Amino acid sequence: MVTFFRKLGALDRRWIFLFIAVSVIIPLIVQRPAPVPPSPIVRTLFDAVEALPTGSRVMLSLDYGPSTAPENDPMSMAVARHCLSRDLKLYLLTIWATGPPLITNLLEEVVEADFPEKIYGEDFVNLGYKVGNQGLIQSLTSDFKGQYTADAGWGDENPSRPTSQIPMMDPIRTVGDADLIIAIGSGKPGVKEWVQFAGDPTGVPVGGGVTAVEAPLLYPYYNAGQLEGLMGGLLGAAEYEALLTENYPQFSEQAQEALIRMFPQTVAHLVIVLFVIIGNISFFVLRRAERKR
Amino acid sequence: MKRTVPLFITGLVGALLIVSYYVPHPPFDSVERKIPDYFNIIAAFAFILGGGNLLRIHLTRISRRDHEWLYSVVTVTGFLVMLVLGLLKMTGAEGSAFGVQANLDLADARLLYDWLYRAIFVPCQATMFSLLAFFVASASYRAFRAKTPEATVLLLAAFVILVGRTPVGHLITAWMPEPFSDYFHIPNLSAWLMSFPNTAGQRTIQIGIALGIISNSLRLILGVERSHLGGSD
């Protein structure tokens with residue numbers, strides 16, 4: 001018995017890898033959405049978008065790279081769908097060098113697919129990437145168009161042009177002219193920098209979405225009222241999708257990415273919990289045997 | 001002179017920025033507006049510096065045939081290819097790179113740049129990040145052992161968060177009647193852990209970091225800290 005638990009305690013990690021791989025691959029193949037009840041922190045963000053009057057200006061900053069896209073992309077897409085379906089003006093930008101293709105991807109998967117009637121430059125605009133990190137964000141509080149002299153454009157029909165020629169850029173003098181900033185991020189600069197350098201100085205509400213590992217760092221800002229809701233990890237994205245599909249049933253097919261990915265994540269978490277329990281049983285049995293000796 | 005002038009500039013700009021924050025009147029208010037522009041310009045040049053440095057290090061490694069120099073070849077090739085295509089993408093016609101039509105059968109990528117980004121960069125980054133799942137599972141198995149009271153608290157917190165971040169956490173304690181569910185329903189417990197103990201810990205760390213930044217900034221402004229000038233002192 002003790003030998004068995006000794007072997008279990010020193011289990012070859014390749015067995016763990018195998019179990020994790022199987023627990024992720026099978027649910028991924030099954031493609032079944034997980035039932036996710038929305039939490040108050042995500043509902044706050046959803047309600048903040050919901051409360052904006054038609055024509056309000058939302059800055060959506062995609063501050064992440066492909067490594068965290070499976071977690072962050074469903075957040076960006078759900079927020080973009082929500083904003084566009086409520087006829088809000090959507091300003092897409094990124095302060096990460098890896099961000100521009102993610103904006104293009106969002107435009108293709110959300111705007112092109114679900115909102116073909118929306119007009120570039122009037123309903124949404126792609127401002128692209130600018131260098132400067134938090135320095136850039138701080139500059140936007142005094143002169144937005146001084147930083148964004150031209151947009152990044154989108155496709156053949158919408159080549160890059162000066163922001164002075166883009167109708168929806170007319171009322172934007174500083175970032176303070178936005179009604180809501182939503183930063184989807186996975187590190188620095190990200191949500192925290194948008195709160196510190198744009199939200200706090202101008203009073204514009206800032207909401208966000210971050211990877212699960214970063215979410216604990218942002219709770220102090222949410223509890224202090226500096227953050228208007230937060231999507232934490234894939235679960236946060238799934239909760240937002242659940243709220244979106246509940247309130248806008250027309251997206252019940254499209255806004256399913258995070259809900260479907262929650263299934264493998266759930267199984268993987270349970271497998272990890274199972275291994276932790278097995279490891280502790282083995283530990284206690286061996287300790288007891290040693291004490292007896 | 002080589003050290004005195006940079007120290008003087010650092011001290012002057014640092015002091016000016018502090019004054020401009022507390023005195024929002026001319027001419028100081030414009031200083032606070034303009035300085036971030038200079039920061040952004042310098043940050044743009046940092047890309048050139050970074051690129052140059054990367055080339056210098058890896059070309060030296062290649063020329064010396066250092067240990068694992070072939071990786072440096074991959075790095076330099078990848079850097080140069082993306083740099084050239086990125087510059088051409090900014091100036092060239094849609095659908096062409098090096099003046100050559102990208103006639104590969106690429107469903108949604110019209111440019112070679114986008115194709116390389118989607119077909120190489122995205123899978124490589126996704127693979128690297130996905131590997132974390134395996135290592136997290138393996139590390140959890142070995143680390144989360146209730147060896148001491150502190151480790152037991154950590155283990156219980158990890159258990160609540162791990163289960164609380166899934167729909168299972170909701171399902172297994174959904175039967176709980178009120179007022180027990182307000183405290184012991186796993187998603188509520190998970191939210192409590194994040195909102196209170198976690199927030200308290202994060203605030204402590206953030207206040208500590210802020211005090212450290214203030215202290216270090218003062219050392220820089222007063223010229224006590226000189227490591228940014230290079231050298232040993």
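This is a predicted model: local features need pLDDT of at least 70, side-chain atom pairs count only at pLDDT 80 or more; totals for chains, interfaces and linings use all residues.
Let me start with one residue, Gly128(A), which is buried, with a relative accessible area of 3%. The cut-off for calling a residue buried is under 20% relative accessible area, so Gly128(A) at 3% falls on the buried side.

Leaving aside residues up to four places away in sequence, Gly128(A) touches Leu92(A), Leu93(A), Thr94(A), Ile103(A), Tyr148(A) and Ala152(A). Ile272(A) is another matter: 144 residues separate Gly128(A) from Ile272(A) in sequence, and their C-alpha atoms are 40 Å apart in space.

Next, strand 5 of chain A. How many of the residues of strand 5 are buried? The count is 5 of the 5, residues 206–210, so strand 5 of chain A is largely enclosed by the rest of the structure. In a regular strand the side chains alternate between the two faces of the sheet. In strand 5 of chain A, Val206(A), Gly208(A) and Val210(A) point one way, while Gly207(A) and Gly209(A) point the other way, and all are buried.

Strand 5 of chain A also has a partner. Strand 4 of chain A, residues 180–185, runs parallel to strand 5 and is joined to it by 5 bridges. At one position in this pairing, Gly185(A) stands opposite Val210(A).

Now the interface. Chain A contributes 60 residues to the contact, and chain B contributes 47 residues. Together the two chains bury about 4700 Å², and 64% of that is on carbon and sulfur atoms.

How many salt bridges cross the interface of chain A and chain B? There is 1 salt bridge. Glu108(A) forms it with Arg118(B), and the closest N and O atoms are 3.7 Å apart. As for polar contacts, 18 residue pairs are counted between chain A and chain B, with both residues at pLDDT 80 or more.

Which parts of chain A make up its side of the contact? Several helices each supply at least two residues, among them helix 1 (2–9), helix 2 (13–30), helix 5 (100–114) and helix 11 (257–292) of chain A. Helix 11 of chain A gives the largest share, 15 residues. Sorted by class, the side of chain A that touches chain B has 32 nonpolar, 22 polar and 6 charged residues.

Key
Residues are numbered from 1 along each chain as its sequence is written. Chains are lettered from A and ligands numbered from 1 in the order in which they are written. Side-chain values use heavy atoms; hydrogens and water are left out. Contact means heavy atoms within 4.5 Å. Buried area is the accessible area (1.4 Å probe) that two parts lose on being put together, summed over both. A salt bridge is a side-chain nitrogen of Lys or Arg within 4 Å of a carboxyl oxygen of Asp or Glu. A polar contact is a pair of N or O atoms within 3.5 Å; within protein, one must be able to donate a hydrogen and the other to accept it, and residues adjacent in sequence count only if both atoms are side-chain atoms. Helices (H or I, at least four residues) and strands (E, at least two) are DSSP runs, numbered from the N terminus. Ala, Val, Leu, Ile, Met, Phe, Trp, Tyr, Cys and Pro count as nonpolar, Asp, Glu, Lys and Arg as charged, and the others, Gly among them, as polar. Buried means under 20% relative accessible area, exposed over 50%, partly exposed in between (1.4 Å probe, protein chains only). Two strands pair if DSSP finds at least two bridges between them.
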